[in-house]
Amino acid sequence: MTVHFIGAGPGAPDLITVRGLRLIEKCPVCLYAGSLVPEEIVTSAPANARVIDTAPMNLDEIIAEIKTAHDAGQDVARVHSGDPSIYGAIAEQIRRLEDLGIPYDITPGVSAYAAVAAEIGAELTLPDISQTVILTRTAMRSSSMPDGESLAELGQSRATLAVHLSINNLANVVRDLTPHYGEDCPVVIAYRATWPDAQYLYGTLGDIRAKVKGSGITRTALIMVGEVFGRRDFTDSRLYAADHHHVLRPKKTAPTG
């Protein structure tokens with residue numbers, strides 16, 4: 001018996017990995033985060049599978065369901081949104097499973113920040129503009145941020161930022177980043193990226209609050225900040241430069257004689 005932690009991807013059912021889908025198709029027990037995982041994904045479970053939406057459940061209740069499956073020798077598909085390694089709350093589940101001696105594995109998924117970049121046609125790392133992507137959030141009702149990880153401190157890098165779980169804290173996001181990025185810095189707000197009702201708002205640190213206020217977006221949104229979203233004057237990558245040589249593209253030598 002194994003508990004399979006599976007990343008379902010950002011929302012579009014066809015963005016789950018082949019491995020993740022195959023595991024769901026064969027597991028007699030499927031526990032999924034119903035508020036964020038499309039129902040189409042879990043309908044791939046076997047016809048007689050026990051399929052449970054864990055959105056209203058606490059950790060003890062979830063582990064109890066897993067232990068019941070373990071005692072019955074039944075594999076469990078534990079389906080999370082996006083990629084389970086980012087704000088997936090899998091570590092606390094894994095700790096409990098290890099204490100109980102229940103085996104597990106993890107199948108990665110497409111994360112929201114990567115899905116947003118694909119949907120809006122953006123590269124998050126442009127030469128001479130940004131070569132770093134920071135995935136972070138802000139502290140509201142959830143866990144506090146560790147020392148040194150406040151948005152004001154991270155903003156000093158001027159890296160491309162993907163700010164999760166913070167749309168209701170947008171005023172503070174703007175306040176903390178504007179001194180480092182400037183009011184003209186591009187911002188993209190992605191609501192339910194890749195879902196049928198997805199919305200993408202484009203603005204700057206100077207005007208994005210007003211745009212969000214009129215949109216009705218209050219949850220399930222990712223805040224993307226950085227110069228990469230508005231620049232076309234970047235330097236071409238050296239990767240495909242004609243004078244860039246490497247083991248798979250060796251330097252051509254001029255013919256002799």
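A salt bridge is a side-chain nitrogen of Lys or Arg within 4 Å of a carboxyl oxygen of Asp or Glu. Keep that in mind for the first view, and remember throughout that this is a predicted model.

Figure 1. Searching the whole structure turns up seven salt bridges. Here we zoom in on one of the pairs, Arg-22 and Glu-25, whose side chains meet with N to O at 3.4 Å. Side chains of opposite charge can pair when their charged atoms come close. Both Arg-22 and Glu-25 belong to helix H1, which covers residues 18-26. They sit three residues apart, and that is about one turn of the helix.

**Figure 2. The parallel sheet with strands S1 to S5.** Follow the strands across this open sheet and you'll read S3-S2-S4-S1-S5, five strands with parallel pairing. Who is at the edges? Strand S3 (50-53) and strand S5 (104-107) are, and each has a single partner strand, so one side of each is left without a neighbour in the sheet. Going between neighbouring strands, the turn is 15 degrees on average, direction ignored.

Figure 3. Strands of a sheet pair through backbone hydrogen bonds, either parallel or antiparallel. Strand S2 (residues 29-32) and S3 run parallel, joined by four bridges.

Figure 4. The protein is divided into domain 1, residues 3-107, and domain 2, residues 112-229. Taken over C-alpha atoms, their centres are 28 Å apart. Nine residues from domain 1 and twelve residues from domain 2 take part in the contact. Together the two domains bury about 820 Å² between them, with 69% of it on carbon and sulfur atoms.

**Figure 5. The mixed sheet with strands S6 to S10.** This is another open sheet of five strands, now in the order S6-S7-S10-S8-S9 and with mixed pairing. Strand S6 (133-137) and strand S9 (199-204) take the edge places with a single partner strand each, so one side of each is left without a neighbour in the sheet. From one strand to the next, the twist averages 20 degrees. S6 and strand S7 (residues 160-164) run parallel and are joined by five bridges. On this pairing, Val-133 stands opposite Thr-160 in S7.

Figure 6. Helix H5 (residues 112-120) lies across S6, S7, strand S8 (186-191), S9 and strand S10 (221-225). H5 runs at about 70 degrees to S10. Helix H7 (residues 170-181) lies across S7 and S10, and its angle to S10 is about 10 degrees.

Methods: Residues are numbered from 1 along each chain as its sequence is written. This is a predicted model: local features need pLDDT of at least 70, side-chain atom pairs count only at pLDDT 80 or more; totals for chains, interfaces and linings use all residues. Side-chain values use heavy atoms; hydrogens and water are left out. Two strands pair if DSSP finds at least two bridges between them. Helices (H or I, at least four residues) and strands (E, at least two) are DSSP runs, numbered from the N terminus. Axes are lines fitted to C-alpha atoms, for helices over the stretch in contact, and angles run from 0 to 180 degrees between N-to-C directions. Domain bounds come from an automatic or database domain assignment. Contact means heavy atoms within 4.5 Å. Buried area is the accessible area (1.4 Å probe) that two parts lose on being put together, summed over both.
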